[in-house]
Amino acid sequence: MISVIDLYHVLTAVVPLYVAMILAYGSVKWWKIFTPDQCSGINRFVALFAVPLLSFHFISTNNPYAMNYRFIAADTLQKLIVLAVLAIWSRTSSRGSLEWSITLFSLSTLPNTLVMGIPLLKGMYGDNSGSLMVQIVVLQCIIWYTLMLFLFEYRGARMLIAEQFPDTAGSIISFRVDSDIISLDGKEPLQTEAEVGEDGKLHVTVRKSTSSRSEIFSRKSHGGINSGLSLTPRPSNLTNAEIYSLQSSRNPTPRGSSFNHTDFYSMVNGKNVSSVSPRQSNYGFDEESGLGNQSRAAGNGVYGQGMFSPGPTGPGPKKKVNGAEGGKDLHMFVWSSSASPVSEGGIHVFRGADYGNEVNVVGAHPKDYDDFGRDEFSFGNKQGPNGTDREGPVLSKLGSSSTAELHPKASIDAKPTAMPPTSVLTRLILIMVWRKLIRNPNTYSSLIGLTWSLVSFRWHVEMPAIIAKSISILSDAGLGMAMFSLGLFMALQPRIIACGKSVAAFSMAVRFLTGPAVMAAASIAVGLRGVLLHIAIVQAALPQGIVPFVFAKEYNVHPDILSTGVIFGMLVALPITLVYYILLGL
């Protein structure tokens, strides 16, 4: 039976976290102490120093030789069950999709264990439960977040291949990705160049598009000059280090490919694929001369449609385009599939553009605190023509809400495309996942912390006091700063429920009912009983993890749903976990 003293101990451990969050919220929303730029600086500090050092502290002080393997098996089994069910659902159901599978996996199995779980479970079940939470954190950082990255990059690779090689993807036998590309998330336009080898197969090189420079495409028409303005996003500097701050691109237009079977089989063996795609050439052509005319213009991150005119037809000498005669054999593919409405500007709290300095084609105007970030989380509940709210995204085969609404033809599930061999696609994805991981400080903090704990508890080696105190001075502040950062994030959002009430109710049911139910079944299956079973169920009922939201925002896969899970989940987490705690203690 849970006593009043027990409840007081739980509140003592958790309420200070909410105090930090409320102070941050009031500092922005009510008292106007911090500007969004200042919030960005706070969040970068939290992401780059406080949270990684907090993670290192917990992992390095936990004895890996005293891990509860049955508890870990229950947690692993829960995630495998959910993955299996979602895989079957996405394959067999007309409403299933890769995007929804990723989102539902995040909602049901990846709670906020580090920030909320450790202090809350310690207050409920003592220090031993804190050790169990650290074990869950290690698995999340090393295994499950890496799996999430793999799924997101797999989605990005499929979209890239389906858009650029709709008819010839099965002939690709190798990918080479330039070193300055760290993700296939679609935020930045990419250029693919295909070369036919002696074996008749395609060897593809992926690099940043030359169209990333702002260009003006001009041509004469009916005696006048029509100018098409091509505005391109600035290069992203997002790495996965930014756990609490995020940026994304603003409405880049997906570019289709003109590469087809006719082009493929008409090429001579060993010759580069080199015919300009009329839908997305990096060069404008004057109709009278047929010569390339490339010019630049400042842009705000929005792509315009590039125009291509092949020049006069009929007899005459062939003209060369970038060294190719007549432009016949040059295929330049530019890909940018994200439709996220956040610009590529400076980094703020889960936010891109410079506050008060957003630039668009129409003009620039500053936003106040209440409007800041409105476009970013406006995927659902947009005002309709009659003034009523439109509900947010629903379970749909079309994939992520914004991408599906703006570019339904780009959905990877709308028209199945033959993919390259599994080994080729897997190698491409692993390269991109590796590049993301090595830029994430949490990767290093987790691995170094685990390595140190293995050494120190095996040979009883103590960390030098000067190093331990240098780490603890920041890690001790990490928990409070993480909650403070969440409060800043909440204050800068126009609404707590960003995805619509029905979708929010569904996501909360998945988070607080389905996740704990599957965990209870998995725990009983592996033989957990008593307090361990209670700990397993309560930790599964924690609010939504923050890192899955960062991934969802970066790859534009239902970010509004995950943001609602983070914000609204934090508000209802304490009463819900207390209800679980009381019911399990009866």
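Strand 2 (residues 190-196) runs antiparallel to strand 3, with seven bridges between them. Here two strands count as paired if DSSP finds at least two bridges between them, and strands (E, at least two residues) and helices (H or I, at least four) are DSSP runs numbered from the N terminus. The hairpin of strand 2 and strand 3 has five residues between the strands, and Gly200 there takes a positive phi near 80°.

On to the other partner of strand 3. Strand 1 (residues 172-177) pairs with strand 3 (residues 202-208) in the parallel sense, over five bridges. Within that pairing, Ser174 is bridged to His203.

A word on the ground rules before we go on. This is a predicted model, in which local features need pLDDT of at least 70 and side-chain atom pairs count only at pLDDT 80 or more, while totals for chains, interfaces and linings use all residues. Residues are numbered from 1 along each chain as its sequence is written, and side-chain values use heavy atoms, with hydrogens and water left out.

Now for the charged side chains around these strands. Side chains of opposite charge can pair when their charged atoms come close. With a salt bridge taken as a side-chain nitrogen of Lys or Arg within 4 Å of a carboxyl oxygen of Asp or Glu, the count comes to eight. One of them joins Asp178 and Arg207, at 3.3 Å from N to O. Asp178 sits in the loop between strand 1 and strand 2 and Arg207 in strand 3, so this pair ties together parts that are 29 residues apart in sequence. Asp178 is buried at 16% relative accessibility, whereas Arg207 is partly exposed at 25%; buried means under 20% relative accessible area, exposed over 50%, and partly exposed in between (1.4 Å probe, protein chains only). Asp178 and Arg207 also belong to a network of salt bridges with Arg176 and Glu193.

Lys208, in strand 3, reaches Glu188 in the loop between strand 1 and strand 2, 20 residues apart. Their salt bridge spans 3.7 Å, N to O. Lys208 is partly exposed at 25%, and Glu188 is buried at 15%. Lys187 and Asp185 form a salt bridge too, at 3.9 Å, and both are buried.

Let us turn to the aromatic side chains. The whole structure holds ten aromatic pairs, where rings of Phe, Tyr and Trp (its six-membered ring) pair if their centres lie within 6.5 Å; planes under 30 degrees apart count as stacked, over 60 as edge-to-face and the rest as tilted. Phe45 and Phe49 have ring centres 6.0 Å apart and planes at 35°, so they make a tilted pair. These two are four residues apart in helix 2 (residues 36-60), which means a separation of about one helical turn. Phe45 is partly exposed at 31%, as is Phe49 at 44%.

Because Tyr145 lies in helix 6 (residues 127-164) and Phe551 in helix 14 (residues 546-555), the pair ties together parts that are 406 residues apart in sequence. Both residues are buried, and Tyr145 and Phe551 form one aromatic cluster with Phe152 and Tyr555.
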